[in-house]
Amino acid sequence: MRASGFSRMAFEGKPIIGICNSWSEVVNCNMHFRGLADSVRRGVLAAGGFPLEFPTMSLGEQLMKPTTMLFRNLMAMDVEESIRAYPFDAVVLLGGCDKTVPAQLMGAASADVPAIALTGGPASPAVFRGKQLGVGTDLWEYIDDVRAGRMSMAGYEELEAAAGPSRGHCPEMGTASTMATLVEGLGMTLPGSAAIPAMDSRRMQVAEECGARAVGLALERLRPSQIMTAEAFDNAITLMLAVGGSTNAIVHLLAIAGRVGVPLSLDRFHELSARTPLMVNVRPAGEHLVEQVFHAGGIPAVMKSVETLLHTDALTVTGKTVADNLPTTASSDTSVIASLGEPFQPPQGLAVVRGNLAPDGAVIKCSAASPELLVHQGPAVVFENMQDLMRRFDDPDLDVSPDSVLILRSTGPRGAPGMPEWGQLPIPSKLLKQGVTDMVRISDARMSGTAYGTCVLHVSPESAAGGPLGLVRDGDVIALDAHAGKLDMLVSDDELAARRAELAPAATRHVRGYTAMYVDHVLQAHQGCDFDFLVGRSQRPEDEPEAIFEGWVGGW
């Protein structure tokens, strides 16, 4: 440390606090993190700690191809090994965009060094032609307007210029806002921090408080494994359902739970959905943006509204329980945060469906779907992969009707690879021009948390892993009953067996580097898409023989 310019006075006898910074100029969500890191540093110093900032990989959904999900596990490895290798007594995890936050939590969970998360906050709302916009939810609608001839490209370019007025993550309840919310639900950040806008000075203030609290965590040796318990995951899932959060969070929570040894399954999401109503009026399931949630009391107010559904004795990074951290009164703005007696939508905003098309499960966000399509039968229109979809979905001769069920395969963890956000298949333009705005769509892909529609996602096992999605043919009748948790193709077992016998093995396309490792080791969606060799915790530094370090020093 002295070679880096620090005197003994700066660090001797003080807790060493790592600031894990995912700042990057190619990730708009995280571009303000240099200033946030400085605020964290002030808090660490004020509390008597010694802060050391270190960089990690940065993931941004808007520019990374084919998807940030391909690299979530790589970033988790980066975070875990950095925490393990360096002599940190605690770390502050500074993340924002979609996969950055779960990657950091996964890495911190496996390293199991005291940690506190600090998310970057939602961007300022865009304003286009007098209307407040979210970055994604409204964009999908305008894209359909362009494709249907209702909006000119000149108008679309005007929209594009207005769409991102500030740093920060998506301002609706997309995956980034959902994960920030769930960090509070898990107890891994300070109460009230999730919804503070990125450009609000209170975001800097809570960063200072997180830095100071990291020093307390180091002294108390309060670890992620003590906080992220089964009860904490129940709280996070309940909160996800209450805010109408992104389906992507399901995959991330499954992966994080696997790192701390909590036996979480898809069935638990279905069980908690049956009792948890939609409590927050925010896009894409509602009308407001996350900034309005903040002004209505933030995530603590949401948690207060569902207090009776939470494990309020669960421990948090504050060193106190959920009950200790809750506000004394509910939000007074019931247009944004409802009361449990008068929710915005009834329970079952999320459904897990199973059947001969998804033996290990698939998910559908009912709160953002068309109610009349949640029970539906129709003929399949099959797209072999994304390239096939892009070639044919706007073909005027495509044999498709409003009752059709659009099927997209080869887009799962192995097949794409990386399970991109391709699950919101576009409505064919011939139907858009007829006024069709939604259809049943099924894939082994994910969907943006800002998106909406009757989309069955995360079909497991995926087609590239031999899943039955690979057996569907054009015209097969697909039956969806989200209320009953059913998803089937009405094809006999004998016919499916015959098709499987004719099915050619998937071609190997990835022979080198990280992608080859990913395809060889990634688990399926219902297991969180983590690597099979990363599930669980790594060896803690204090479990290793001290003689290793002492011997190395002696060698010098």
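The points below go from the sheet to its strands and then to the helices.

This is a predicted model, in which local features need pLDDT of at least 70 and side-chain atom pairs count only at pLDDT 80 or more, while totals for chains, interfaces and linings use all residues. Residues are numbered from 1 along each chain as its sequence is written, and side-chain values use heavy atoms, with hydrogens and water left out.

**The sheet**
- An open sheet is formed by four strands in the order β2-β1-β3-β4, with parallel pairing; strands are DSSP runs of E of at least two residues, and helices are runs of H or I of at least four, both numbered from the N terminus.
- β2 (50-55) and β4 are at the edges with a single partner strand each, so one side of each has no neighbour in the sheet.
- From one strand to the next, the twist averages 20 degrees.
- Helix α2 (residues 33-46) packs on this sheet and touches β1, β2, β3 and β4, where contact means heavy atoms within 4.5 Å.
- The direction of α2 makes about 170 degrees with that of β1; such angles run from 0 to 180 degrees between N-to-C directions, with axes fitted to C-alpha atoms, for helices over the stretch in contact.

- Strand β3 (residues 90-95) is largely enclosed by the rest of the structure, because six of its six residues are buried (under 20% relative accessible area, 1.4 Å probe, protein chains only).
- A90, V92 and L94 point one way from β3, whereas V91, L93 and G95 point the other way.
- Strand β1 (residues 16-21) runs parallel to β3 and is joined to it by five bridges; two strands pair if DSSP finds at least two bridges between them.
- G18 stands opposite V91 in β3, and N21 has L94 as its bridge partner.
- Five bridges also pair β3 with strand β4 (residues 115-119) in the parallel sense, and G95 has T119 of β4 as its bridge partner.
- Helix α4 (residues 100-111) carries the chain from β3 to β4 in a right-handed β-α-β crossover; with the strands pointing away from the viewer, the path from the first strand over the helix to the second runs clockwise.

**Helices α10 and α12**
- Helix α10 (residues 230-242) packs against helix α12 (residues 266-273) at an angle of about 55 degrees, with the axes 10 Å apart.
- That makes α10 oblique to α12, a class left over once angles under 35 degrees (roughly parallel), over 145 (roughly antiparallel) and 65 to 115 (roughly perpendicular) are set aside.
- On the α10 side, D234, I237, T238, M240 and L241 meet R268, F269, L272 and S273 of α12.

Technical notes. Buried means under 20% relative accessible area, exposed over 50%, partly exposed in between (1.4 Å probe, protein chains only).
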